[in-house]
Amino acid sequence: MPSLTQAQDNAVTELMRIAPVIDRLGEVFASAGHQLYLVGGSVRDALLGRLGHDLDFTTSARPDDIERLLKKVSREVWDIGKAFGTIGCNVDGGWVVEVTTFRADTYRSDSRKPQVAFGDTLEGDLVRRDFTVNAMAVDVATKRFVDPFGGLADLEKEVIRTPGTPEQSFSDDPLRMMRAARFTSQLGFVPTHEVITAMREMAERLDIISAERVRDELSKLLLTPHPRNGLNVFVATGLAARVLPELPALQLEVDEHHRHKDVYQHSLTVLDQAIALEKERGLEPDLVLRVAALLHDIGKPATRRFEDQGKVSFHHHDVVGAKLARKRLKALHFAGDEVKDICTLIELHLRFHGYGEGDWTDSAVRRYVRDAGDQLERLHILTRADCTTRNKRRAAGLREAYDHLEARIEALAGQEELDAMRPDLNGDQIMALLGVPAGPVVGRAYKYLLELRIDNGPLGEEEASRRLREWAAENL
């Protein structure tokens, strides 16, 4: 992290870069008699030298006035957050601007949603913010730096601290406890002892937060460059036990290979390695892949069996884990397609291990591709990431085996169009050949031809028709 001098230099550089935008906004708001401040994450990121194109402001103006003033600088203004005091717009040059009325929100003890209240002062707004590093502001009119709670010093010390007491901050919005875990990974900072203690003591307060907000915050944590430290905070403070109990449950289980302290640590290593493979393959951060990597072994606690000679087995933990993940992810209101894809990956993550023990036929490779469907690339990454053995010879052997499998898939794909694997006859051809209407018979015939296609590769229309007639003679 930068020193105080470096941070101040960074801020000056970034403010100069965005000066045309903030000066234009400042003039419009000042002419209407309103204060306007660059605030929160925008100031933090400016100090870190990593300010993007999203700019956050706070103002004394009320939402109707904000909307009216922003229309003077932009033709594209939106009011989707107006109920919470926020109006947004695009400003020439690709800047995305959001301006929010000074806020003074709180939560009732039994409420899932904040009571929206507008404030009258900048200081009252800043003290209600989550952490000191997000409670700094810059006066757009005078360029005066406002830091009433020592956020700049905390930025230099790399700590996560609340403007007021942690108890008051987390009572106002319990989701801030999850945000503390996320910032541990996003910024590489460490929560203070007081923050950690309050998170442990108030973890159950998270129960009042809607599933959607919890899901979004968990997703943001997983999409940080290095989620491990934030996940450790998430688990150690008891937050995970409230919203994703399957994760801390993994700490109780010993990995069957006895290569890791516990399955929880193994899962974090798999996540780390999946992220490294994302980067290696030039992919963007992938939420589906990362959730699957984190949860791929959650079926182990329910399937643990103690065998002879002190060995431990987890038979069918892939299938059980997929069922558990589906239930939990639905409860957290993940999108249906995300749930389906994550569960497919969990259910298939062990399939490859039979490959290294013997030669797969071409039909076995085709089934692997067919079952993975559009999740094949993610399955490649998850399967490779799941190799965490410390035995260098075994690790090299597994990598070589999977390289061989991917090469075979690529070769077969070039020959047979595996990505669009279909029978040699379509539904219309089946109905015409068998003389039957659309219905269950056509479905059974289609499934039979698809199995032939997987087992034998492309047969051609003539041979497929002959085989279908033989099947019909025996089954219809």
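This is a predicted model: local features need pLDDT of at least 70, side-chain atom pairs count only at pLDDT 80 or more; totals for chains, interfaces and linings use all residues.
The cavity search returns 1 cavity of 30 Å³ or more. A cavity here is a set of points on a 1 Å grid over the protein atoms alone where a 1.4 Å probe fits but cannot get out. Grid points are joined across faces, edges and corners, and the volume is the space filled by probe spheres set on the points. The largest cavity holds about 50 Å³ of space. Residues are numbered from 1 along each chain as its sequence is written, and side-chain values use heavy atoms, with hydrogens and water left out.

Which residues line the largest cavity? They are L218, L222, L244, V291, L294, L295, L329 and L332, where a lining residue has an atom within 4 Å of a point. Two or more of the lining residues come from each of α10 (211-222) and α15 (287-295). Helices are DSSP runs of H or I with at least four residues, numbered from the N terminus. The greatest contribution is that of α15, with 3 residues.

I turn now to the salt bridges. The count is 35, a salt bridge being a side-chain nitrogen of Lys or Arg within 4 Å of a carboxyl oxygen of Asp or Glu. D65 and R68 form one of them, at 3.4 Å from N to O. These two residues are 3 residues apart in helix α4 (residues 63-70), and are therefore separated by about one helical turn. D65 is partly exposed at 26% relative accessible area, and R68 is partly exposed at 42%. For these classes, buried means under 20% relative accessible area, exposed over 50%, and partly exposed in between, with a 1.4 Å probe and protein chains only.

R129 also pairs with D125, their closest N and O atoms being 2.7 Å apart.

R328 is partly exposed at 23% relative accessibility, and E246 is buried at 14%.

Next, L459. This residue sits in the loop between α23 (440-456) and α24 (461-475), and is partly exposed at 21%. Beyond its neighbours within four places in sequence, L459 is in contact, meaning heavy atoms within 4.5 Å, with D424, L452 and A464. Its C-alpha atom is 9.7 Å from that of L449, a residue 10 places away along the chain.

Finally, the cysteines. How many disulfides does the whole structure hold? The search finds 0, taking a disulfide as a pair of cysteine sulfur atoms within 2.5 Å. C343 is buried at 1% relative accessibility, and C387 is buried at 18%.

Methods: On a 1 Å grid over the protein atoms alone, a cavity is a set of points where a 1.4 Å probe fits but cannot get out, and a pocket is an open set with protein on both sides within 12 Å along at least five of seven lines; lining residues have an atom within 4 Å of a point.
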